[in-house]
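Here is a set of exercises to work through with the model open beside you. Try each task before you read its solution.

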Amino acid sequence: MVVFSVYVVNKAGGLVYQYDNYSPRNDVEKTFSYPLDLVLKVHDERVVVSFGQRDGIKGATRPTPAISVFDCLLFAIGSQLSPEPGSSGIEVLETDTFKLHCFQTLTGIKFIVLADPRQAGIDSLLRKIYEIYSDFALKNPFYSLEMPIRCDLFEQNLKVALEIAEKAGTFGAGS
């Protein structure tokens with residue numbers, strides 16, 4: 001069982017923290033000869049770097065998730081499809097390859113966890129992450145609300161909580 005990623009989104013929808021816990025191991029490693037063929041292209045009135053093909057491999061970049069757009073989309077879809085009026089959005093989104101769990105606090109901060117669909121105890125893990133956020137980010141005198149989280153103790157305790165959750169396959173009661 002594995003937790004893939006943890007995201008913290010502020011009430012304005014901005015990504016303030018991202019931790020990728022699981023990165024698949026590359027079985028094949030390829031070295032490239034330089035210089036790389038870089039091509040600048042105009043796409044939707046923006047300049048985009050496009051990699052050419054060299055040594056039989058076409059380069060590509062891994063896009064970083066647009067959590068703020070994704071988060072707003074989840075809220076819009078969840079609140080419209082929910083049978084309950086005034087719904088706060090999607091709490092769990094399940095696919096074949098992962099489960100997205102979202103915990104929204106009363107202050108509007110959202111904690112999002114991408115995990116293996118078989119991983120149990122994610123609700124408890126989300127509450128533990130919120131507790132860690134409260135103890136190590138909010139109580140840090142150098143941390144400003146709505147700004148990116150750069151607290152070593154927050155990250156260290158988050159890693160410990162994720163390790164406990166993965167080893168046990170669960171984190172306390174609930175899922």
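## Exercise 1: The surroundings of asparagine 157

Leaving aside neighbours within four places in sequence, asparagine 157 is in contact with Ile132 and Phe136. Please bear in mind that this is a predicted model.

**Task.** Where is asparagine 157 found, and is the residue buried or exposed, or in between?

**Solution.** 
- Step 1: locate the residue. Asparagine 157 belongs to helix 3, which covers residues 152–168.
- Step 2: classify its accessibility. Buried would require a relative accessible area under 20%, and exposed one over 50%. Asparagine 157 has 27%, so it is partly exposed.
- Step 3: look at the side chain. One of its polar atoms lies 2.7 Å from the backbone oxygen of leucine 153.
- Step 4: compare sequence with space. Lysine 128 is 29 residues from asparagine 157 in sequence, while their C-alpha atoms are 9.9 Å apart.

## Exercise 2: Strand 1 and its partners

**Task.** How many bridges join strand 1 to strand 9, and how many join strand 1 to strand 2?

**Solution.** 
- Step 1: take the strand 9 side. Strand 1 (residues 3–9) pairs with strand 9 over six bridges, in the antiparallel sense. Along this pairing, valine 6 stands opposite valine 113, and valine 8 stands opposite phenylalanine 111.
- Step 2: take the strand 2 side. Here five bridges join the antiparallel strands 1 and 2, and valine 9 faces leucine 15 across the pairing, standing opposite that residue of strand 2.
- Step 3: inspect the turn. Strands 1 and 2 form a hairpin with five residues between them, and glycine 13 in the turn has a positive phi of about 95°.
- Step 4: check the burial. Seven of the seven residues of strand 1 are buried, so this strand is largely enclosed by the rest of the structure.

## Exercise 3: Helices across the sheet

**Solution.** 
- Step 1: go on to helix 3.
- Step 2: visit the loop between strand 9 and helix 2. Aspartate 116 is found there. With a relative accessibility of 10%, aspartate 116 counts as buried. Not counting residues up to four places away in sequence, aspartate 116 touches Val2 and Phe4.

## Exercise 4: Aromatic pairs

**Task.** How many aromatic pairs does the structure hold, and why is the pair of phenylalanine 111 and tyrosine 130 tilted?

**Solution.** 
- Step 1: count. There are seven aromatic pairs.
- Step 2: judge the angle. Planes under 30 degrees apart would count as stacked and planes over 60 as edge-to-face. The planes of phenylalanine 111 and tyrosine 130 meet at 55°, with the ring centres 5.6 Å apart, so the pair is tilted.
- Step 3: Phenylalanine 111 is in strand 9 (residues 110–115) and tyrosine 130 in helix 2 (residues 122–138), so the pair ties together parts 19 residues apart in sequence.
- Step 4: compare accessibility. Phenylalanine 111 counts as buried at 1%, whereas tyrosine 130 counts as partly exposed at 29%.
- Step 5: Tyrosine 133 lies in helix 2, 22 residues from phenylalanine 111, and counts as buried at 3% relative accessibility.
- Step 6: widen the view. Ring pairs link Tyr17, Phe103, Phe111, Tyr130, Tyr133, Tyr143 and Phe154 into a cluster.

Note on methods
Residues numbered from 1 in each chain as written. Predicted model: local features only at pLDDT ≥ 70, side-chain atom pairs only at ≥ 80, totals over all residues. Heavy atoms only, no water. Phe/Tyr/Trp six-rings, centres within 6.5 Å; stacked < 30°, edge-to-face > 60°. Helix = DSSP H or I, 4+ residues; strand = E, 2+ residues; numbered from the N terminus. Buried < 20%, exposed > 50% of the residue type's maximum accessible area, 1.4 Å probe, protein only. Contact = heavy atoms within 4.5 Å. Polar contact = N/O pair within 3.5 Å; in protein donor to acceptor, adjacent residues only side chain to side chain. Pairing = 2+ DSSP bridges.
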